[in-house]
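Please open the model in your viewer and keep the sequence panel beside it. The tour below moves from one selection to the next and says what to look for at each stop.

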Amino acid sequence: MAPRCTPPPPPVALLRLLLLAVCLPPWETRADGLRAGVRAPAPDRGDTCRGYYDVMGQFDAAFNCTSASFVFCCGTCHYRFCCEFPAYRLAQAACTNYQPPVWAQTPAPASRPPPGARAGGAGGQ
């Protein structure tokens, strides 16, 4: 009787990968129609992160996300950066920090001195 040829067993890592592929539930479809875990096609020219006021009340100018695969505007309303994962894309329309914060605005100087104040300032005669 001739010896039977059998292929060698596959590596353990490959077996684990196949087991995961078979045992995991099917991909979930998100509200935007993409499947979780799958990269969306990159925008043609990349996102633009709109200019905004950060937590310190400083204005951060708008910038474009066009570097390699970092084409999505991500982060939070108060801290934005470019990333490559559409699942982390920031919904900029929901942010409300496009106007200077009230606490950072200084009041205008009084046009008249308060009642009881002397003309000429402090110590004036």
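In which loop does Asp47 lie? Select Asp47 and you will find this residue in the loop between H1 and E1. Before going further, note that this is a predicted model, in which local features need pLDDT of at least 70 and side-chain atom pairs count only at pLDDT 80 or more, while totals for chains, interfaces and linings use all residues. Residues are numbered from 1 along each chain as its sequence is written, and side-chain values use heavy atoms, with hydrogens and water left out.

**The whole chain**

Colour the chain by secondary structure, which comes to one helix and six strands; helices (H or I, at least four residues) and strands (E, at least two) are DSSP runs numbered from the N terminus. Along the sequence the pattern reads α-β-β-β-β-β-β. Of the 125 residues in the chain, 20% are buried, where buried means under 20% relative accessible area, exposed over 50% and partly exposed in between, using a 1.4 Å probe and protein chains only. Among the chain's contacts (heavy atoms within 4.5 Å) with a separation of 6 or more, 35% are between residues 24 or more positions apart.

In general, side chains of opposite charge can pair when their charged atoms come close. A search of the whole structure finds one salt bridge, a term that requires a side-chain nitrogen of Lys or Arg within 4 Å of a carboxyl oxygen of Asp or Glu. The side chains of Asp47 and Arg89 form a salt bridge, with an N to O distance of 2.6 Å. Because Asp47 belongs to the loop between helix H1 (12-23) and strand E1 (48-49) and Arg89 to the segment after E6, the pair ties together parts that are 42 residues apart in sequence.

**Arg80, a buried charge**

Next select Arg80 in strand E6 (residues 79-83). Which side chain of opposite charge is nearest to Arg80? That side chain is Asp60, 7.8 Å away, and Arg80 is buried yet has no salt bridge; here Lys and Arg count as positive and Asp and Glu as negative, while His and the chain ends are not counted. The side chain of Arg80 does make a polar contact of 3.4 Å with that of Asn97, meaning a pair of N or O atoms within 3.5 Å; within protein, one must be able to donate a hydrogen and the other to accept it, and residues adjacent in sequence count only if both atoms are side-chain atoms. Beyond neighbours within four places in sequence, the contacts of Arg80 include Arg50 and Tyr98.

**Rings**

Keep Arg50 and Tyr98 on screen: Arg50 lies over the face of Tyr98, at 3.8 Å from the ring centre, the criterion being NZ of Lys or CZ of Arg within 6 Å of the ring centre and within 35 degrees of the ring normal.

**A positive phi**

Finally, select Ala68, in the loop between strand E4 (63-64) and strand E5 (72-76). Ala68 has a positive phi of about 50° although it is not a glycine, and at 70% relative accessibility this residue counts as exposed.
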